[in-house]
Amino acid sequence: MYQIPRGTRDFIPEEMLKRRFLQQRMEAVFRRFGYGEIQTPTFESLELFTAKSGASILDELYNFSDKGGRELALRPELTAPVIRCYIERLQMAPKPLKLFYFGNCFRYDRPQKGRYREFWQAGCELIGTDTPEAQAELVALAYSILKGIGLQHIVLNIGNLHVIHALFAKLRISDAVKKDLLPFIDKSQYEDLFSALRANDISQADTEAFLEILQTPDLDKIQAYVRGHEKAESELARLRDIMELLQTSFGIPDARVKIGIVRGLDYYKGLVFEIEAPVLGAEKQLCGGGDYELVGLFGGTPVAQAGFAIGFDRALLALETERFTFPSPSLDAFVIPVTETAIGTALTVAQQLRSQGLTVDLDLLRRGIGKSLKYASTQQSRYAVIIGPKELEGGTVTLRNMKDGIQSSCAIADLTAALFV
Ligand code: HAM
């Protein structure tokens, strides 16, 4: 017996119904915000993903050489591919460019609930503007999508990497040490961070102040802490504008400043944000994004870039955990030829109804009326359309409402109208 590869999943029809429902809802919001869809290949040159992150990312990649000896990788995310495409084909397009995507990604992660080796992202890239209103709109889009699909409880945290770097500069922490400390911040492991700072000869008072700033949502406190660091001060002013716009113009009251957001990927530079679904426990991060620089690195003309990606599978898991009611599969009608002589008419009637846009199936097993009715109810059919010798003779059908079992005779010519009620 063959088995599905570790960390991958099959999706059977009832699961696909939920996934497509969710995908369509997400796409509708991207379009409402003026985004156009982009699709890129599933595999790319390996270098596209190692250019920024170096060889260390190889552990996480599915990479291979093809028969022509090219070094390739299955995409672990879509930002680098979209930027590659932008440089090849879209640099001259009017700005800002608003691109959204939906696609599978591959990471050699340790599989667990909410963490897969093949997973899907719904995301977007905004190219050509970094005004506070553009960045606020980007964050609002991510939030609107997750609220729009029906999630009740999500947490939106917003930070800025320039400010974190200013915190490190204030404590005179070297780049090498910073690199070791960032993962603790990324994972909110503040006790380990405390010990590591103390081990690097940072005083108890300085360590405590540093930890407080990483966790406080109070912009005034953060501002007082970084006073004198020009870049951090201007970035904090921008963050204040973004928070204000989110609250007043986008009606998002619960965005929270969290300076201790680092993000795992190496290309971010200023704004960073994350949205979590606390119901998911360990793998609760639904969405991550921010502003970054890849265009220059890939040889394009430098331009502002920002974006985010939503973990589609996690968004679905969160909805299921919140007991969201998804649409269930259903038929408008199930046509039952009672005798072999009625099969031709049954097929014609089914076709006629389908051509009117109704969802119709029919008995293809010649299993008789009782079993067919049972099957029709497992398929959640609204009606059964029964055609026997008597009906054939009169040019009618028997229409059975599957909810209450009430039956009536209906001329074939009137059937569509009867089913559209
Ligand atoms: P990321 O944070 O690496 O960002 O991934 C975005 C989301 O994908 C995560 O928040 C999570 O929900 C989901 N995700 C990541 N790994 C897995 C996995 N193994 N299984 C299931 N879901 C997963 C990016 O990928 C950036 N490209 C986002 C971005 C776009 N930044 C700027 N533009």
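At what angle do the axes of helix α1 (residues 13–32) and helix α4 (residues 132–148) cross? Roughly 145°, with the axes coming within 9 Å. Keep in mind that this is a predicted model.

## Helices α1 and α4

Two packed helices are described by the angle between their axes and the distance between the axes. Beyond those two values, there's a handedness to look at: α1 passes α4 in a right-handed crossing. On the α1 side, the contact is made by Arg25, Met26, Val29 and Phe30, and on the α4 side by Leu141, Ser144, Ile145 and Gly148. Sort the residues of this α1 and α4 contact by class and you get five nonpolar, two polar and one charged.

## Helices α7 and α8

The crossing of α7 and α8 is right-handed. From α7, the contact takes in Tyr190, Leu193, Phe194, Leu197 and Arg198, while α8 brings Gln204, Thr207, Glu208, Phe210, Leu211, Leu214 and Gln215. The class breakdown for α7 with α8 is seven nonpolar, three polar and two charged residues.

## Helices α5 and α9

Next up is helix α5 (residues 161–170) with helix α9 (residues 219–226): their axes come within 10 Å and cross at roughly 45°. The two helices are therefore oblique to each other. As for handedness, α5 passes α9 in a left-handed crossing.

Who touches whom here? Val163, Ala166, Leu167 and Lys170 in α5 meet Ile222, Tyr225 and Val226 in α9. By class, the contact of α5 with α9 holds six nonpolar residues, no polar ones and one charged.

## Around the ligand

Now for the ligand. There are 27 residues around it, and Glu77, Thr79, Asp109, Tyr268 and Gln285 come nearest.

Which kinds of atoms pair up? For glutamate 77, a polar side-chain atom lies 2.5 Å from a nitrogen atom of the ligand. Arginine 107 also puts a polar side-chain atom by the ligand, 3.0 Å from an oxygen atom. With phenylalanine 308 it's the backbone: an N or O atom there lies 3.3 Å from a nitrogen atom of the ligand.

Most residues other than glycine have a negative phi, and most peptide bonds are trans. Two spots in this model are worth checking against that.

The peptide bond joining lysine 95 and proline 96 is cis, with omega at about -5°. You'll find proline 96 in the loop between α3 (79–90) and β5 (97–106).

Arginine 172 isn't a glycine, yet its phi is positive, at about 55°. Arginine 172 also sits in a loop, the one between α5 and α6 (175–186).

Note on methods:
Residues are numbered from 1 along each chain as its sequence is written. This is a predicted model: local features need pLDDT of at least 70, side-chain atom pairs count only at pLDDT 80 or more; totals for chains, interfaces and linings use all residues. Side-chain values use heavy atoms; hydrogens and water are left out. Axes are lines fitted to C-alpha atoms, for helices over the stretch in contact, and angles run from 0 to 180 degrees between N-to-C directions. Helices (H or I, at least four residues) and strands (E, at least two) are DSSP runs, numbered from the N terminus. Angles under 35 degrees count as roughly parallel, over 145 as roughly antiparallel, 65 to 115 as roughly perpendicular and the rest as oblique. A crossing is left-handed if the near helix is turned anticlockwise from the far one by less than a right angle, and right-handed if clockwise. Contact means heavy atoms within 4.5 Å. Ala, Val, Leu, Ile, Met, Phe, Trp, Tyr, Cys and Pro count as nonpolar, Asp, Glu, Lys and Arg as charged, and the others, Gly among them, as polar. A residue is near a molecule or strand if one of its heavy atoms lies within 4 Å of it. A polar contact is a pair of N or O atoms within 3.5 Å; within protein, one must be able to donate a hydrogen and the other to accept it, and residues adjacent in sequence count only if both atoms are side-chain atoms.
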